[in-house]
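Thanks for passing this one along. Below are some points to go through with the model open beside you.

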Amino acid sequence: MDGDLDGFADDLDFLSSLTSDDHKKTVIFVEGGIALATELRGLIERFPLISFVATQRSAVLQTRMTSLSNTLGDDFDLIDISVLSSSEADRLNELLYENGLWGDRQGLKFLERSRLLTRRYKGSLASVLLDVCKSTDIFSRVSRLFDGIDGRVSGLRKSVVTALSLAYAGSNLTVSQLSEIVGSDVFKLSSTQTNEVIREFFDISRNRISVRSPAFAQAVLKDSVSDSTLVSELPWIIARLDRLCLDIRAYEEPVKQMMRFGFIERILADDNQKEAKLVSYFENIRSTGVGVSNPQFWLQYAIACMSFKKYEDAGFHFTTAFGLTKNRGGYDPYQIENTYARFLLESRSRTDKWDDYYDAFMSAHEILSKQMSSVREGYYPYRVARLYLEFVDARIGSMDKAQKRQVFDSCGRLLVLADKAPPVVRRSKYWRESKEALNATRDVISELI
């Protein structure tokens, strides 16, 4: 199931025609499981012998944990494939070695490769896959071919960059959609679809464009497309998608993804110009008019500024984001509030530009306490609560005894709320790490009061 319920009734008829033994051997993958949680619950109840695997992007999952738990109960296993456990890292190490995918590191010993997985990649599956893509002969060939695209057909390079960008953002396109976005019919030409160079990037069949993988798309964008092209052309694509959203809601998700700080940060070169390029990217989006009245745009711009410790600029962008939410009826600013709590703790811990340490802490604590109480925000408040220890190590000396006691009690309040979190949240590393940090914070303060 890929999120499209067309033909769902036929699928039910087919499953009903299978025997019990067939059901035991059947595994159904449900792409975008949260959006189809109600249908998934019905399938589980109707076909209890079938195994179901629901997939969901991490960013969406973290904001919808409670709705998922309410629909499915607690009878499911949550597996985060974005971060590898030690046993998973060992198996991946072996798998890459057995298939000759370690590239120039193929000759390293097992333990040396394991250290790469844990230290360089920090257990991130996406980072590993990105390097695997770059180490293959296919990627080397594709990188060379990309350089020669410009002179072939007018509009071809922009079409390729657009298709790769949307694949990296998690969206698959039809040929018709790509033509509509770019304003060029170059991909409708049979000569383009059968071109050996284009076939290295995409598989085009039945009007659909398939990229080898999001990791492959990311690798090509990062290593083969110039930063100047990304910074100038991607905002144009975002603006085009934003206008098309008025009639085609399917474009809303790629607009959100492409405006995210993490989206652009991971495909820009890691050089001393990265800060300036990130600012240019968000300024170019703003100049299109897309971000002017969008609170999420200003949130992502603030996150970008925080990444290179421009906290004063980030504070300005948060003010704009909150101002816009007031004029949007029914808009829930939980993501903005959560990141603002992180901003308050980081900016007061890592810079000396403010001296309102206690007030900033209590403002952040109020946000996190509210979010943990509602439980709807999933992992988000626990990720930020891990910063309490850093804040206290940096600033507890500036507080009087009563303020220290209040900070101590605030940590205890979050620990109580954490113990009331839904089971699916309590299984996460963020929940565990936040409890460790909060207990350590109390230990530090207890020696001072």
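This is a predicted model: local features need pLDDT of at least 70, side-chain atom pairs count only at pLDDT 80 or more; totals for chains, interfaces and linings use all residues.

1. Strand 1 covers residues 27–31, and Phe-29 is part of it. Phe-29 has a relative accessible area of 52%, so it counts as exposed, the cut-off being over 50%. Together with Val-27 and Val-53, Phe-29 makes up a nonpolar patch on the surface, and the three share about 260 Å² of accessible area.

2. Three strands form an open sheet in the order 3-5-4, and the pairing is antiparallel. Strand 3 (173–174) and strand 4 (202–205) are the edge strands; each has a single partner, so one side of each has no neighbour in the sheet. Strands of a sheet pair through backbone hydrogen bonds, in either a parallel or an antiparallel way.

3. Now the pairings themselves. Strand 3 is joined to strand 5 (residues 208–211) by two bridges, in the antiparallel sense, and Leu-173 has Ile-209 of strand 5 as its bridge partner. Between strand 4 and strand 5, also antiparallel, there are four bridges. Here Ile-204 is the residue that stands opposite Ile-209.

4. Which residues of strand 4 lie on its covered face, and which on its uncovered one? Phe-202 and Ile-204 are on the covered face, while Asp-203 and Ser-205 are on the uncovered one. In a regular strand, side chains alternate between the two faces of the sheet.

5. In soluble globular proteins, nonpolar side chains tend to be buried together.

6. Setting aside neighbours within four places in sequence, Met-258 is in contact with Ser-165, Leu-166, Ala-169, Leu-234, Ile-237, Ile-238, Leu-241, Phe-263 and Tyr-281.

7. On to the charged pairs. The whole structure has 20 salt bridges. In one of them, the side chains of Lys-188 and Asp-185 meet at 3.8 Å, N to O. Lys-188 is partly exposed at 46% relative accessible area, and Asp-185 is partly exposed at 48%.

8. How far apart are N and O in the salt bridge of Lys-274 and Asp-270? The distance is 2.5 Å. Lys-274 is buried, with a relative accessible area of 10%, whereas Asp-270 is exposed, at 63%.

9. The last pair is Glu-275 and Lys-310, a salt bridge whose closest N and O atoms are 3.9 Å apart. Glu-275 sits in helix 18 (residues 274–287) and Lys-310 in the loop between helix 19 and helix 20 (311–325), so this pair ties together parts that are 35 residues apart in sequence. Both are partly exposed, Glu-275 at 34% and Lys-310 at 36%. Elsewhere, salt bridges with shared partners join Lys-222, Glu-265, Asp-270 and Lys-274 into one network.

Terms used:
Residues are numbered from 1 along each chain as its sequence is written. Side-chain values use heavy atoms; hydrogens and water are left out. Two strands pair if DSSP finds at least two bridges between them. Patches are made of residues with over 30% relative accessible area and no salt bridge: like charges are joined within 9 Å, nonpolar side chains (Val, Leu, Ile, Met, Phe, Trp, Tyr) within 5 Å. Accessible areas come from the Shrake-Rupley method with a 1.4 Å probe; for residues, only the protein chains shown count as cover. A salt bridge is a side-chain nitrogen of Lys or Arg within 4 Å of a carboxyl oxygen of Asp or Glu. Buried means under 20% relative accessible area, exposed over 50%, partly exposed in between (1.4 Å probe, protein chains only). Contact means heavy atoms within 4.5 Å.
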